[in-house]
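This report goes through a structure step by step. Please look at the sequence and the model before reading on.

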Amino acid sequence: MVKPVIVGAHYGFRDWLLQRITAVVMALYTLVFAVCALTMPDGSFESWRGVFSGGFMKFATFLFFMSLFFHAWIGVRDIFMDYIKPTGIRLALHSVVALLLIGYAGWAAQILWRL
Amino acid sequence: MSSKRTVQFKIYRYDPDKDDKPYMQDISVDLEESDKKLLDALVRLKAKDDTLSFRRSCREGVCGSDAMNINGKNGLACLTAIDELPQPVTIRPLPGLPVIRDVIVDMTQFFKQYHSIKPYLINNDPAPERERLQTPEDREELNGLYECILCACCSTSCPSFWWNPDKFVGPAGLLAAYRFLADTRDQATSERLDNLEDPYRLFRCHSIMNCVDVCPKGLNPTKAIGKIKDMMLRRAV
């Protein structure tokens, strides 16, 4: 049996836009992080802890990690769409990556709010 | 005056009726003074070995028949100056499409994608007595879009099209899609955008610009694709 080609999942634009927005968030955070790192008096644990003790930096860093995970999700999914053809294997890989990234997000939050 | 020039070729040969698998044939041909383009040399070559098969028609870059992979880069044989090519000149069929024979490829998939974007004006208003008019500014928008000759150089140089030729429209089809999206006389803008709002059909394009690099007409499908994305953005926000 010839399988018909099925296209038309309406999330192409949303994901494309999200990837661009998350890229901007990551670029801005990199600047903020660079300024913090360069203006730090010394590289001691206390200084680093000081940087991340403020609510803004916690929030910004968490936003950065969320952006990174969304960005990575779209990128990795695109690679699977190009190279992994069997639907079952692709679904399994999508699930593994998605669950892994959700786990990372939780882990990032735990580390940040522990400081 | 007669100055004999000899050109060395390495040509992809495959005749499914005779050959188990494709092979590269080393062959040379003497050119006449009047032979300027690669197509002239191929025509001489065919006179020498008439089993060689390739498509050609207008011999001046209008019909798009003689697209092939020339020294690793897609192009039209009729527009490629033979004297500027490093030798041996390696000729292969357009990558990613099934080979029918030698450098002739099956373009069914390519045209299927082209047809999928409805490459014609959709306007449900009663046709005016003479023609549907546009302002010169509106007409200007179609420049760089309508000139495509569908030679498939761009789509067959695009890795996204190689991996998903059945789902990704490809640069040629998307250029044509924008040609109708940009047309002020067309009334199907929203349907056209819906048709491309898919992770495969439009968004397999990652703007690597191989299409721009090879287009023998100097067109810019990547820019057109960017404008389609821009239209989707304006529609969404």
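At what angle do α2(B) and α5(B) pack, and how far apart are their axes? The angle is about 20°, and the axes are 9 Å apart.

## Basis of the report

This is a predicted model, in which local features need pLDDT of at least 70 and side-chain atom pairs count only at pLDDT 80 or more, while totals for chains, interfaces and linings use all residues. Residues are numbered from 1 along each chain as its sequence is written, and chains are lettered from A and ligands numbered from 1 in the order in which they are written.

Two packed helices are described by the angle between their axes and the distance between the axes. Axes are lines fitted to C-alpha atoms, for helices over the stretch in contact, and angles run from 0 to 180 degrees between N-to-C directions. Angles under 35 degrees count as roughly parallel, over 145 as roughly antiparallel, 65 to 115 as roughly perpendicular and the rest as oblique. With an angle of about 20°, α2(B) is therefore roughly parallel to α5(B). The crossing of α2(B) and α5(B) is right-handed; a crossing has this name if the near helix is turned clockwise from the far one by less than a right angle, and is left-handed if anticlockwise.

Two residues are in contact if their C-beta atoms, placed from the backbone, lie within 7 Å. From α2(B), Gln113(B), Tyr114(B) and Ser116(B) take part, and they meet Gly170(B), Ala172(B), Gly173(B) and Ala176(B) of α5(B). This contact has 3 nonpolar, 4 polar and no charged residues. In this classification Ala, Val, Leu, Ile, Met, Phe, Trp, Tyr, Cys and Pro count as nonpolar, Asp, Glu, Lys and Arg as charged, and the others, Gly among them, as polar.

## Chain B as a whole

Chain B has 8 helices and 7 strands. Helices (H or I, at least four residues) and strands (E, at least two) are DSSP runs, numbered from the N terminus. The C-alpha trace of chain B spans about 60 × 40 × 30 Å along its principal axes.

Of its 237 residues, 37% are buried. A residue is buried if 20 or more other C-beta atoms lie within 10 Å of its own, exposed if 12 or fewer, and partly exposed in between, with C-beta atoms placed from the backbone. Among the contacts in chain B with a separation of 6 or more, 65% come from residues 24 or more positions apart.

## The nonpolar core

In soluble globular proteins, nonpolar side chains tend to be buried together. A nonpolar core is a set of buried Ala, Val, Leu, Ile, Met, Phe, Trp, Tyr and Cys residues joined through C-beta atoms within 7 Å. The largest one here has 59 residues, and those with the most contacts inside it include Ala152(B), Leu174(B) and Ile228(B). Among the elements that each supply at least two residues of this core are β1 (5-13), α1 (38-48) and α8 (221-236) of chain B. The element that gives the most is α5(B), with 8 residues.

Which residues does Leu174(B) touch, not counting residues up to four places away in sequence? They are Val169(B), Leu202(B), Pro221(B), Ala224(B), Ile225(B) and Ile228(B).

## Backbone exceptions in chain B

Most residues other than glycine have a negative phi, and most peptide bonds are trans. Ala152(B) has a positive phi of about 75° and is found in the loop between α3 and α4 (159-163). Ala152(B) is buried because 24 other C-beta atoms lie within 10 Å. Lys118(B), in the loop between α2 and α3 (136-140), also has a positive phi, near 55°. Lys118(B) has 16 other C-beta atoms within 10 Å, so this residue is partly exposed.

A cis peptide bond, with omega about -5°, joins Gln87(B) and Pro88(B). Pro88(B) is in the loop between β4 (73-76) and β5 (89-92).

## Chain A and its contact with chain B

The contact of the two chains takes 14 residues from chain A and 15 residues from chain B. On the side of chain A, α1(A) gives the most, with 5 residues. The residues of that side divide into 9 nonpolar, 3 polar and 2 charged.

Within chain A, α1(A) and α3(A) pack at an angle of about 140°, with axes 8 Å apart. That angle makes α1(A) oblique to α3(A), and their crossing is left-handed.
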